[in-house]
Structures are given as C-alpha cells and as structure tokens.
Amino acid sequence: MISITVTALVFGVIFLAELPDKTALAGLVLGTRYRASYVFAGVAAAFLLHVVLAVAAGSVLTLLPQQIVHAITGVLFLGGAAVLLMQKGGADDDEEIRRPADQSFWKVAGTGFMLILVAEFGDLTQIMTANLAARYDDPISVGLGAVLGLWAVAGLGIVGGKALMKRVPLRLITQIAALLMLGLGVWSLYEGVAG
C-alpha cells in the first residue's frame, strides 16, 4: 500500500534538492537543443534507474537496529544540508546554442539517459533517496515520491527552467531544501538517541 504522506514528503524533499542541481541545468541545455519529449524520455529512464538503486540500498539499511538507522540517516541528512548550503551558484551561460542535425529519438533519448546516468551516480539526491528509504521502510512510497520529484524537476528544466530560475532565486530554493534536510536530520538524530 502506498502512503500518500511519505510519497508527498519525499517528493518535496527530492524536488527542492534537485532544483539547484547540475542536472536541472543539463536538462535545460538539452531541451534547448533537442526535442523536449525525446530528452525527457531518456532523462526519466535514467532517474528511474537511480531511484531503484537508491531504494534498494536504503532497504538494506532497514536490516540494522532502528536506533542505528535513525542515527545514520540523521548524520547523512545533516551532511546533505551542509553540502547544499556550501555549494556555489549555477552557471548563467547565455552562449549561442546550435541545434544538432541528428534529432532521432534514440540518439536524443540516449544522450539524455547517459548524461543523467553518469552525472547523478552517487549524487546528493540519490543518497537522500536511500536515506529516506531507510528512514521510512516504505520502498514503494519513497521510490514513487523520489521518481516523481526528479521527473518534475527534469520536466521543468527541459521545458521552462530558464523562466523559473529568473523568477525564483536559486539560492532561495537551495536554502529551503537545506532547511528541510536539516529538520529531517535533527528529527532522525533525536529518534536515534531517544529511541
């Protein structure tokens, strides 16, 4: 059974953490060069693979005693919040973009898939997804929330990323994501110590 609460929480955390990430900018660049639906197909497949791997890793953590899992996830969430707060802003490249001649589905989707597959491996959102899977011991709800969050950011990046980044400061998005992670980290540590 899917927990709407867990799915929504995971969606929010992953969505906010992924917005300032390099892959949102990569999706934006690919979306300006290639057909958006082809780019999204490749990017979405890569994100799905990453979430499956992260949820599997997080599910292994659930085999440990709950206090240890809470302590580990708390420390990792706090580390993720620190990483978000310390990272520098993204690039504002306005260089001229030339459209490539080969616009076939497999070429474009393959390019998007490989770019995200390599760029996201071991990324903060993948680690966060594993943490959330361990924290909630609900792999389906966590996986669904993470996939939908990543797909939403990819869609925004591919279709309307430039407009969004002009209206909402990247720093604000990063700070909100860090605050959520900080809260989850403190709560997890509290449960690890008090439990």
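This is a predicted model: local features need pLDDT of at least 70, side-chain atom pairs count only at pLDDT 80 or more; totals for chains, interfaces and linings use all residues.
Which residues in H1 meet which residues in H6?

On the H1 side, the residues are Val 6, Leu 9, Val 10, Val 13, Ile 14, Ala 17 and Glu 18, and they meet Thr 125, Met 128, Thr 129, Leu 132 and Tyr 136 in H6. Sorted by class, this contact of H1 with H6 is made up of nine nonpolar residues, two polar ones and one charged one.

Now to the geometry of that pair. Helix H1 covers residues 4–18 and helix H6 covers residues 124–136, and their axes, which come within 10 Å, cross at roughly 160 degrees. Since an angle over 145 degrees counts as roughly antiparallel, H1 and H6 are therefore roughly antiparallel to each other. As for handedness, the crossing in which H1 passes H6 is a right-handed one.

Let me step back to the protein as a whole, where there are eight helices and zero strands, so that, in the order of the sequence, the pattern reads α-α-α-α-α-α-α-α. If we take the contacts in the protein with a separation of 6 or more, 94% of them are accounted for by residues 24 or more positions apart.

Finally, on burial and surface: the protein has 195 residues, of which 41% count as buried, while its accessible surface comes to about 10100 Å², with 70% of that area belonging to carbon and sulfur atoms.

Terms used
Residues are numbered from 1 along each chain as its sequence is written. Side-chain values use heavy atoms; hydrogens and water are left out. Axes are lines fitted to C-alpha atoms, for helices over the stretch in contact, and angles run from 0 to 180 degrees between N-to-C directions. Helices (H or I, at least four residues) and strands (E, at least two) are DSSP runs, numbered from the N terminus. Angles under 35 degrees count as roughly parallel, over 145 as roughly antiparallel, 65 to 115 as roughly perpendicular and the rest as oblique. A crossing is left-handed if the near helix is turned anticlockwise from the far one by less than a right angle, and right-handed if clockwise. Contact means heavy atoms within 4.5 Å. Ala, Val, Leu, Ile, Met, Phe, Trp, Tyr, Cys and Pro count as nonpolar, Asp, Glu, Lys and Arg as charged, and the others, Gly among them, as polar. Buried means under 20% relative accessible area, exposed over 50%, partly exposed in between (1.4 Å probe, protein chains only). Accessible areas come from the Shrake-Rupley method with a 1.4 Å probe; for residues, only the protein chains shown count as cover.
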